[in-house]
2 protein chains.
Amino acid sequence: MYKKLDEKDFKKLREIFGKENVFVGNEIAEEYSKDEMGMIQAYPEARVLAEDKYQISKLMEYASLMKFPVTVRGAGTGLVGACVPTKGGVLLDMTKMNKIIELDKENTVLVVEPGVMLLDIAEYVEKEGLFYAPDPGEKTATIGGNISHNAGGMRAIKYGVTGDWIRGLEVVLADGTIMKTGGKVVKNSTGYPLKQLFIGTEGTLGIIVEATLKLTSLPKFSASLLVPFETTKEAVKAAPELLLRHVTPTALEYFDETSIKYSSEFLGKSIPHNDYKAYLLLSYDGTNQAALNHDIEVASQICLDLGALDVYLIDTQERKKSIWDVRGAFLEAIKASTTEMDEIDVVLPRTHIVDYLAFAREVSKDVGLRMPYFGHVGDGNLHIYFCRDDLEREVFLERLDKAFDIMYDKAFSYGGLVSGEHGIGAAKKKYMYRLLEGKPIELMKGIKKVFDPLNILNPDKVL
Amino acid sequence: MYKKLDEKDFKKLREIFGKENVFVGNEIAEEYSKDEMGMIQAYPEARVLAEDKYQISKLMEYASLMKFPVTVRGAGTGLVGACVPTKGGVLLDMTKMNKIIELDKENTVLVVEPGVMLLDIAEYVEKEGLFYAPDPGEKTATIGGNISHNAGGMRAIKYGVTGDWIRGLEVVLADGTIMKTGGKVVKNSTGYPLKQLFIGTEGTLGIIVEATLKLTSLPKFSASLLVPFETTKEAVKAAPELLLRHVTPTALEYFDETSIKYSSEFLGKSIPHNDYKAYLLLSYDGTNQAALNHDIEVASQICLDLGALDVYLIDTQERKKSIWDVRGAFLEAIKASTTEMDEIDVVLPRTHIVDYLAFAREVSKDVGLRMPYFGHVGDGNLHIYFCRDDLEREVFLERLDKAFDIMYDKAFSYGGLVSGEHGIGAAKKKYMYRLLEGKPIELMKGIKKVFDPLNILNPDKVL
């Protein structure tokens, strides 16, 4: 149904992008056939590196004419195969479009190209005393990828997710039209929310070529609390109580001894006070030390009231780095602990997390898969991993399928959703269809058809 | 093109809603032919009061079959004619669906019917130590109306707009399907953002029948600063500097002596320290007095550095009430000062507000219309009024048209948009089309067709 690319098409791509930016056949390295998770694999017919939006506009005009698919790729740090060109065609690599275009301090926005990495944004704005709050774990992800998945991260509980920090977008549509939506303005009730439709839709409705990010003043003071509990249950149950009784922390993470063990083995270093079973990790930030001290004191007392075994203040740069490095390495550490893995990224009403994690431990035994987990417990967003270890691949895939089925159905029964922040991509479509079959899927398909009638923008993803 | 309602249809409506909830012909009071602004007027063929979502589902099934339009109305406090049934048909009055369904403290959400008033929500949650942050000026508006316009209000600068506080929605679609989107969960990357498409779209894509609102813990301490400046220019220029140098205030409002004069005349009371030309009104909130004091001190010093003539602390209940009552009455006071009026609700990058207000004063003289204004200067969202006073209606409308044209074109040249929070409705369509003609309008029309192929949901609005 899609046109297979031939020499004439490659020639056209070289005209648009320059010879040095077009790769075909054996020139395409294996990494471009998969993402960080690696469970979905497919090679594109050509990989092109874009340098500006006009090239992308020309590409889409040509792709519309010829009817071949275009899949956008940032740093490839996704986990659901969204950037894998499962239908072939062109893989549009955005990593060269990595310029910071403008810091507009008076309007407190940063205008960037989509290929800028998260860590570069943080460095750039923080030295100016400004703050881009979203903080997904993977700092080498591109901002374009973050927007396309509406990435959440550690600070979402206080500051919201990526989509909450996008003031404006410039996109290239399926037919090559370059369109702006939103801008440097703070509010907008001007017609239908088109900007929102490019956030979290994984490049299936348009290609983000520029983003205007909201900034705020950098909180000058911050500290973390490492709070051990006797059991997972007690730790997780404390989270909603904390939120109810006191100010919202910057982060509210859960992890257990297993995650620490993997991370310590992987990084060759551990956290301080590492001899407990279950932990909450809290952060608070503020504009002055007195206010921060007050929040820390109140939070500590509440934790102790809720059964915490102790409360450790993590307030030096060194201690903060040690603990957040370990927390940040969980995904990679679990990956390094096994031969192959997959994950679910369910989001639940916070009240059901205790039961859901207990259920997960049962499923792990019943199905026969090692299932380590951790999570943004303040957001009700859990990351549960399914490790192959030394199972035969076929056995692993069979058990994985079974475990996914059981775990998603349980999540849905609690009012949970398929994904809190990692998206649907190719890997989670089946479960999204199960949850949203009927009208929601029908409406989504209708929207897709409006934006991409030829189904050439990242086909086979989300829908 | 639409079916005119006849006796058979009225009978059906009485079957669905009960005799006491259906009004036709002369039974329909004048107030149901217009909104708060009153510039757009049209009577429905029937007004029905809904008591539950199943009635609304049946209504839409029947309206789809017969092809007559349905326009949703909350408290009628809108300003752009969005709830005026310009194409006749049924006016669906939601004010009886005003129950608070559930306060779920652990998940910190409040589940409500759409007809609940803002002031009832505030009262209900604040006595539980919880906080629904959006704070539009009109407290007797319904939450359904707020969501349908993505209302902003005084605290948007710190806490965001209505849409940022909506966790989940239940809607009735054009064909009568009842659909849930979102839920009690905090994050969601599960497919296309359907929930967003019912926020700010003025009842043109679906009818909101239940909303799950995000809550947070109530900030226990707050204070305001009333900060007079020599000129509008100095006051407005200080706003972005304040935001850049310090923590974001809860509110950052601008007004001048004229607004105070109208408000004082209207309410019969004035603000303290009322003998200056231009003011900023700042608020700060916090979890403890020490932190609040710190913010107040830093903000005061910055204001003085930026040329403020003085800084008045407004920290008693009495002083707070006096000043916020006056601020809250601006719209009604200006309305009471004239015979008829209209307004624009532009949102601009903050940096252009000084120039835009200077431009407005010129336009007022050139066109010959009194044009008082005030605004959420921290958000770049201005409310500028065009007063008829004792002009002939025809002359007023002619000048209004001219002034709108000039003012919108200027706003667009600054990267501004038609509406920051009041919406498009029937009144501002022309200007939205001017700004977004081409692809954006085409995409919006495509979305409308997906959700409402018969164009029976609030037709003639937005698009």
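This is a predicted model: local features need pLDDT of at least 70, side-chain atom pairs count only at pLDDT 80 or more; totals for chains, interfaces and linings use all residues.
Symmetry first. Two copies of a chain are related by a rotation about an axis and a shift along it. Here, chain A can be laid on chain B by a turn of 180 degrees and a shift of 0.0 Å along the axis. The RMSD is 0.0 Å. That is the relation of a two-fold axis. Which residue of chain A comes closest to the rotation axis? A:Ala291, with its C-alpha at 2.3 Å.

Now the interface. Chain A puts in 75 residues, and chain B puts in 75 residues. On chain A, six elements each supply at least two residues of the side that touches chain B: strands S9 (178-182) and S11 (216-217), and helices H6 (232-245), H8, H13 (429-436) and H14 (439-451). H14(A) gives the most, 8 residues. By class, that side of chain A has 32 nonpolar, 33 polar and 10 charged residues. Of the interface residues of chain A, 100% are also interface residues in chain B, so the copies meet through the same surface.

Next, H8. Helix H8 covers residues 289-305 in chain A and in chain B. The two helices pack with their axes 8 Å apart, at an angle of about 160 degrees. Angles over 145 degrees count as roughly antiparallel. H8(A) and H8(B) are therefore roughly antiparallel to each other. Their crossing is left-handed.

Which residues meet there? From H8(A), A:Ala290, A:Ala291 and A:His294. From H8(B), B:Ala290, B:Ala291 and B:His294. By class, this helix contact has 4 nonpolar, 2 polar and no charged residues. And A:Ala291 is the residue I named at the axis, at 2.3 Å.

Terms used. Residues are numbered from 1 along each chain as its sequence is written. Chains are lettered from A and ligands numbered from 1 in the order in which they are written. Axes are lines fitted to C-alpha atoms, for helices over the stretch in contact, and angles run from 0 to 180 degrees between N-to-C directions. Helices (H or I, at least four residues) and strands (E, at least two) are DSSP runs, numbered from the N terminus. Angles under 35 degrees count as roughly parallel, over 145 as roughly antiparallel, 65 to 115 as roughly perpendicular and the rest as oblique. A crossing is left-handed if the near helix is turned anticlockwise from the far one by less than a right angle, and right-handed if clockwise. Two residues are in contact if their C-beta atoms, placed from the backbone, lie within 7 Å. Ala, Val, Leu, Ile, Met, Phe, Trp, Tyr, Cys and Pro count as nonpolar, Asp, Glu, Lys and Arg as charged, and the others, Gly among them, as polar. Copies are superposed by least squares on the C-alpha atoms of residues with pLDDT of at least 70 in both.
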